[in-house]
Amino acid sequence: MFLRRLSVTLPLSRRFFSSNSNHDLSSTIAELNKEMESVFGEPSSNGPASSASNVYMAQEAQLGTHEGVESPVGLTHIGSTGEAQVVDVSLKESSKRTAIARCKVVLGKKVFDLVLANQMAKGDVLSVAKIAGISGAKHTSSLIPLCHNITLTNVRVDLTLKPEDFSVDIEGEAASTGKTGVEMEAMTAVTIAGLTVYDMCKAASKDIQISDVRLEHKTGGKSGDWYREK
């Protein structure tokens with residue numbers, strides 16, 4: 001009787017694994033477990049079918065973390081499996097793009113007075129930093145690996161001394177007509193300008209701080225205009 005029941009069970013099991021029906025591996029293993037239970041009684045937790053089921057479920061859970069994973073909303077530089085990628089903008093329409101960014105360099109009174117009097121050993125701090133910021137904007141795609149190499153139509157960098165807190169306020173603007181924005185170019189401009197201020201003044205003080213690098217405003221593109229809330 002036992003052999004007859006086993007002979008019925010095993011062909012059925014082979015049918016489940018070779019069938020072209022919609023049974024997936026998980027449901028096939030579950031049905032096999034039921035058949036084995038009908039033949040041998042309560043299944044062992046470490047039996048062959050149970051082990052196969054456990055292995056399959058572990059593999060399924062592991063694969064679930066890699067396959068079919070969609071990028072978080074808005075993170076266009078991340079591919080479907082989490083890898084870094086350059087965004088394909090070939091299907092986008094060209095439009096006029098602008099962006100304004102700012103940052104702050106806190107000098108301290110001693111350095112501030114030297115910069116104000118143009119007495120730094122390396123020369124005119126604000127003029128050199130201005131040129132550095134413009135150059136930085138033009139080289140953004142070389143510094144930030146996933147940025148597109150775009151043609152800029154304008155770059156503006158302004159540095160203003162602020163005696164109330166002995167700092168330099170830096171504002172940068174970038175503009176282009178194309179398929180991708182210029183926010184990174186504007187922020188790179190003010191960041192490079194701020195670093196240049198530090199380099200020009202570091203002999204006089206190591207306490208100089210670069211802070212508050214931020215986007216203030218952008219126009220153009222699918223997302224339209226954006227302003228930082230005051």
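Trainee: How many helices and strands are there in the chain?

Mentor: In this predicted model, the chain has seven helices and five strands. Along the sequence they follow the pattern α-α-α-β-α-α-α-β-β-α-β-β.

Trainee: Why is the pairing of Glu171 and Arg102 called a salt bridge?

Mentor: The criterion is a side-chain nitrogen of Lys or Arg within 4 Å of a carboxyl oxygen of Asp or Glu. The N to O distance between Glu171 and Arg102 is 2.4 Å, so the pair qualifies under the 4 Å cut-off. The pair links distant parts of the chain, with Glu171 in strand E3 and Arg102 in strand E1, 69 residues apart.

Trainee: What makes Arg102 partly exposed, in terms of relative accessibility?

Mentor: Buried means under 20% and exposed over 50%, with partly exposed in between. Arg102 has 21% relative accessibility, and therefore counts as partly exposed.

Trainee: How do you know that the side chains of Lys130 and Asp158 meet in a salt bridge?

Mentor: Their N to O distance is 3.5 Å, and the cut-off is 4 Å, so the term applies. Lys130 lies in helix H5 and Asp158 in strand E2, 28 residues apart. Asp158 also meets Arg156 in a salt bridge, at 2.6 Å.

Trainee: Why is Asp158 called partly exposed?

Mentor: Its relative accessible area is 32%; this value falls between the limits of 20% and 50%, so the term partly exposed applies.

Trainee: Which residues are linked in a network of salt bridges?

Mentor: The network links Arg102, Lys130, Arg156, Asp158, Asp169, Glu171 and Glu173. A search of the whole structure finds eleven salt bridges.

Note on methods:
Residues numbered from 1 in each chain as written. Predicted model: local features only at pLDDT ≥ 70, side-chain atom pairs only at ≥ 80, totals over all residues. Heavy atoms only, no water. Helix = DSSP H or I, 4+ residues; strand = E, 2+ residues; numbered from the N terminus. Buried < 20%, exposed > 50% of the residue type's maximum accessible area, 1.4 Å probe, protein only.
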